[in-house]
Amino acid sequence: NTPALPTLLAAAAAGPPLARPFSEVQWTRRSTMPDRRGATLLEDLPEEIINKILVLLASKDAGRCRAVNTSWRSATSTPEFMLEHHRRQPSLPIVDGCGKPANQVVLGDVCAGASNQQLWPFLSGSKHRSRNEPIAVCDGFLIVSWGYEFYICNPVTRKHALLPQPQVGQGIDNTMVGFYQHHPTGEYRVLWVSRSHQTSESSLYVLTVGSDRPRRISVRMPTVLSSSAEEELWNKLIYSYCSSPVHHRGSLHWYPYGTSDITGGGGDIIVFDTEAESFRWMRSPTQPCNHSKLFDMEGTLAFWGCSVSNTSMDVWEMQDYEAEIWAFRYRIDVSTVEASRQLYLTSFKKKKTRPLDSAVRLFNDMAVLNERELLVRFNHQHVLRCDIDGKFLGIVNIGKCQYRMWLTPHRLKESIVPIPGHEMQEDEEPPFSTGHV
């Protein structure tokens, strides 16, 4: 079966990527006779036009196309097609629903017609779901920890592979601090800090995905660090895993709190150039505070920091990367969010409703949904949507639940690219059982 062309074009015009699944698209049976309605069929079009239509499909639908016929399978399996398809996907934040009713959920942009979806392999009903968590995300690939093991997987294709760790001796603890693509070679690489139990000394290793041979790299910085300062740098990298590095201009950027005391005035943001394999410091736009974070804002390096009262946040964006010049963008006070008096939340303890403006006490975290909308976590339990002018747009729900949600530091941009260098395994072993959606 192939879709009638006007129907598919109309569906594709709904906006890239195509938000409607195949089940909602009208299909016409292919036969040797002309279509009764005089409709042009997709197979009648030139190959380049077919490719332009297929690249607009949502990731799962593009994968389903491979089962239609061999020509579609070939068209959607070329490196050029997969990279162009990936480029068109939105980058969406991952929210942790803490198992009530879901674990990791990719939060859809309602303005673009996208819906929330549970992130494989963190589906409700999956075995051992409390023991696994996402560690890093890059170009649609997700690294998941399960116990002391790490897996790289593609949530769209539901393929995974065990990720080797540096095997550099006995009594070594490995901590993953970065995951990135090395653009000159196209390789995906993992950055590890290995620490000895006996000497407490640390070393930095790079492992290419698909290889089990670690390569040790030295710490190269513009300024010379003492051994104690270098060790402190490793500590900051190890304990900054919860903030996740921001990928920008071929470098990884970390903002671990409290680094200014070891930089000698060089800055408080750690930058790792993935091509030169060297470190340097970058200055943040403000003094360190209790709650602050680097993030990607529509392709621009950005930074937010909260006020002393923890009820408002200031957002800066990088204006000149080479000169390290930041520009103040806007301030949002969550305690005076517009229309908050019209919203009511349910208190699970007292079983009564109360207005949002009396409930907002602390600003905890923030993530960008699109160029105009933000996600704000407050009071350690709720997430609201608001625009950059502070207008309230609604409370985030996962299913019927809006309680105890976390904004993870990760964003997913879906991809149908296969995991490089591995024979893929299916999802028959933990933490990859499909469970029940």
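Start by selecting glutamate 324: at 24% relative accessibility it counts as partly exposed, because the partly exposed class lies between the 20% limit for buried and the 50% limit for exposed. The model on screen is predicted. Glutamate 324 sits in the loop between β20 (312-320) and β21 (325-333). Look at its backbone: phi is positive, about 55 degrees, although the residue is not a glycine. Most residues other than glycine have a negative phi, and most peptide bonds are trans.

Now select glutamate 277. Its phi is near 55 degrees, again a positive value in a residue other than glycine. Glutamate 277 lies in the loop between β16 and β17 (278-282). Is glutamate 277 buried or exposed? At 13% relative accessibility, glutamate 277 counts as buried, because buried means under 20%.

**A cis peptide bond**

Go to tryptophan 120 and proline 121. The peptide bond that joins them is cis, with omega at about 10 degrees. Proline 121 is placed in the loop between β5 (117-118) and β6 (132-138).

**The whole chain**

Zoom out and colour by secondary structure. The chain has seven helices and 28 strands. Of its 437 residues, 50% are buried. Take the contacts between residues at least 6 apart in sequence: 50% of these join residues at least 24 apart.

**Aromatic pairs**

Show the rings next. The structure holds nine aromatic pairs. One of them is formed by tyrosine 180 and phenylalanine 272, edge-to-face, with 6.2 Å from centre to centre and 65 degrees between the planes. How many residues apart are tyrosine 180 and phenylalanine 272? They are 92 residues apart, so select both strands: tyrosine 180 is in β10 (residues 172-182) and phenylalanine 272 is in β16 (residues 269-273). Tyrosine 180 and phenylalanine 272 are both buried.

Phenylalanine 272 has a relative accessibility of 0% and counts as buried. Phenylalanine 279 is buried as well, with a relative accessible area of 2%.

For a group of rings, select Tyr255, Phe303, Trp316, Trp326 and Phe328. Ring pairs link these residues into a cluster.

Then show arginine 377 with tryptophan 406. The charged end of arginine 377 sits over the ring of tryptophan 406, 3.8 Å from the ring centre.

In soluble globular proteins, nonpolar side chains tend to be buried together. The largest nonpolar core here has 32 residues, and Ile143, Ile152, Met176 and Phe179 have the most contacts inside it. Where does this core lie relative to domain 1 and domain 2? Domain 1 (44-85) and domain 2 (89-433) both give residues to the core, so it lies between them.

Select isoleucine 143 and display what surrounds it. Leaving out residues up to four places away in sequence, isoleucine 143 touches Glu133, Pro134, Ile135, Ala136, Phe150, Tyr151, Ile152, Leu163, Met176, Phe179 and Val190. Another core, of 21 residues, lies apart from the largest one. To find this other core, select Met297, Leu374, Leu384 and Ile388, which are among its residues.

**Threonine 76**

Move to threonine 76, in the loop between α4 (70-75) and α5 (79-88). Threonine 76 is buried, with a relative accessible area of 0%. Which backbone oxygen does its side chain reach? The side chain of threonine 76 reaches the backbone oxygen of tryptophan 72, at 2.8 Å. Not counting residues up to four places away in sequence, threonine 76 touches Leu54, Ala62, Cys65, Arg66, Phe81, Met82 and Ile416.

**Serine 202**

Select serine 202, in strand β12 (residues 202-208). Serine 202 has a relative accessible area of 10% and is buried.

**Last stop: glycine 267**

Finish at glycine 267, in the loop between β15 (251-254) and β16. Glycine 267 counts as buried at 8% relative accessibility.

Definitions and conventions
Residues are numbered from 1 along each chain as its sequence is written. This is a predicted model: local features need pLDDT of at least 70, side-chain atom pairs count only at pLDDT 80 or more; totals for chains, interfaces and linings use all residues. Side-chain values use heavy atoms; hydrogens and water are left out. Helices (H or I, at least four residues) and strands (E, at least two) are DSSP runs, numbered from the N terminus. Buried means under 20% relative accessible area, exposed over 50%, partly exposed in between (1.4 Å probe, protein chains only). A polar contact is a pair of N or O atoms within 3.5 Å; within protein, one must be able to donate a hydrogen and the other to accept it, and residues adjacent in sequence count only if both atoms are side-chain atoms. Contact means heavy atoms within 4.5 Å. Rings of Phe, Tyr and Trp (its six-membered ring) pair if their centres lie within 6.5 Å; planes under 30 degrees apart count as stacked, over 60 as edge-to-face and the rest as tilted. A charge sits over a ring if NZ of Lys or CZ of Arg is within 6 Å of the ring centre and within 35 degrees of the ring normal. A nonpolar core is a set of buried Ala, Val, Leu, Ile, Met, Phe, Trp, Tyr and Cys residues joined through side-chain atoms within 4.5 Å. Domain bounds come from an automatic or database domain assignment.
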